[in-house]
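Please read the following briefing alongside the sequence and the three-dimensional model. It begins with the surface and then turns to the fold, the core and a handful of individual residues.

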Amino acid sequence: MSNRTISGNIPGAALVPGIAGLIPFVCGAAAQWVSLPLLTAETGLKLAILYGAIILSFLGGIRWGTAIRPYDQGRQTLEFPASVLGSLAGLAAAFLPPIPALALLIAGFLMQALWDVMSVDAGRLPSWFGRLRMMLTAGAVVSLIAALLAVIVT
């Protein structure tokens, strides 16, 4: 799939694993609402929170990588520190009770997506990346909201 694209101009090599990466979010949220084999509600909640923390950190790593590009020093002064905020938020979420943890992850994913789309608009990232990030953010955030609602109502 090297140069092939799927869903518009999003490279298949990015889209397929990106969509597969939503599976833990969906399973973690689904376990809050229905009985799943091998996944209790408690384990599903841990899965959603810890996987969310890992992925938020991963997204920060992408941003660190983009900061390496030859920007002016002022741009790097902003990009490098900001790129670790997702990792710190994810770490905090891993130690918080479920409701604030899920709320923090939801906010973190939405802010990361906004930053990514703004970077696409500014020409610092390819246009397909913004579309991919919006799709994947929607899947992650909807799943995290579903898990949050389950925790609130139970």
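This is a predicted model: local features need pLDDT of at least 70, side-chain atom pairs count only at pLDDT 80 or more; totals for chains, interfaces and linings use all residues.

Residues are numbered from 1 along each chain as its sequence is written, and side-chain values use heavy atoms, with hydrogens and water left out.

**Charge and burial**

- The protein chain carries 8 positive and 5 negative side chains, where Lys and Arg count as positive and Asp and Glu as negative, with His and the chain ends not counted.
- The centres of these two sets lie 7 Å apart, the place of each charge being taken as NZ of Lys, CZ of Arg, CG of Asp or CD of Glu.
- Of the 154 residues of the protein chain, 42% count as buried, a class that means under 20% relative accessible area, as against exposed at over 50% and partly exposed in between (1.4 Å probe, protein chains only).

**Fold and dimensions**

- Seven helices and two strands make up the elements of the protein chain, both kinds being DSSP runs numbered from the N terminus (H or I of at least four residues for helices, E of at least two for strands).
- Read from the N terminus on, these elements follow the order β-β-α-α-α-α-α-α-α.
- The radius of gyration is 16 Å, close to the 15 Å that the globule rule gives for 154 residues, so the protein chain is as compact as a globular protein of that length; the radius is taken over C-alpha atoms, and the rule is 2.2 Å times the number of residues to the power 0.38.
- Along its principal axes, the C-alpha trace of the protein chain spans about 50 × 35 × 20 Å.
- Among contacts with a separation of 6 or more, 61% join residues 24 or more positions apart, a contact meaning heavy atoms within 4.5 Å.

**Nonpolar core**

- The largest nonpolar core has 27 residues, such a core being a set of buried Ala, Val, Leu, Ile, Met, Phe, Trp, Tyr and Cys residues joined through side-chain atoms within 4.5 Å.
- At least two residues of this core come from each of α2 (23-33), α3 (41-67), α5 (85-95), α6 (98-121) and α7 (127-153), and α7 gives the most, with eight residues.
- The residues with the most contacts inside this core are Phe25, Ile49, Ile55, Leu102, Leu105, Phe109 and Leu144.
- Phe25 touches Ala48, Tyr51, Gly52, Ile55, Phe109, Ala140, Ser143 and Leu144, when residues up to four places away in sequence are not counted.

**Residues of helix α6**

- Leu110 is found in helix α6 and is partly exposed, with a relative accessible area of 46%; Leu110 touches Thr137 and Val141, residues up to four places away in sequence not being counted.
- The C-alpha atoms of Leu110 and Ala140 are separated by 9.7 Å, although the two residues are 30 residues apart along the chain.
- Met111 also lies in helix α6 but counts as exposed, with a relative accessible area of 57%, and Met111 is 18 Å from Trp128, C-alpha to C-alpha, at 17 residues apart in sequence.
- Val117, likewise in helix α6, is partly exposed at 23% relative accessibility and touches Gly130 and Met134, again leaving out residues up to four places away in sequence.
- Met118 has its place in helix α6 and is partly exposed, with a relative accessible area of 47%, while its C-alpha atom is separated by 23 Å from that of Leu22, 96 residues apart along the chain.

**A loop residue with positive phi**

- Leu38 lies in the loop between α2 and α3 and is exposed, with a relative accessible area of 91%.
- Phi of Leu38 is near 70°, which is a positive value in a residue other than glycine.
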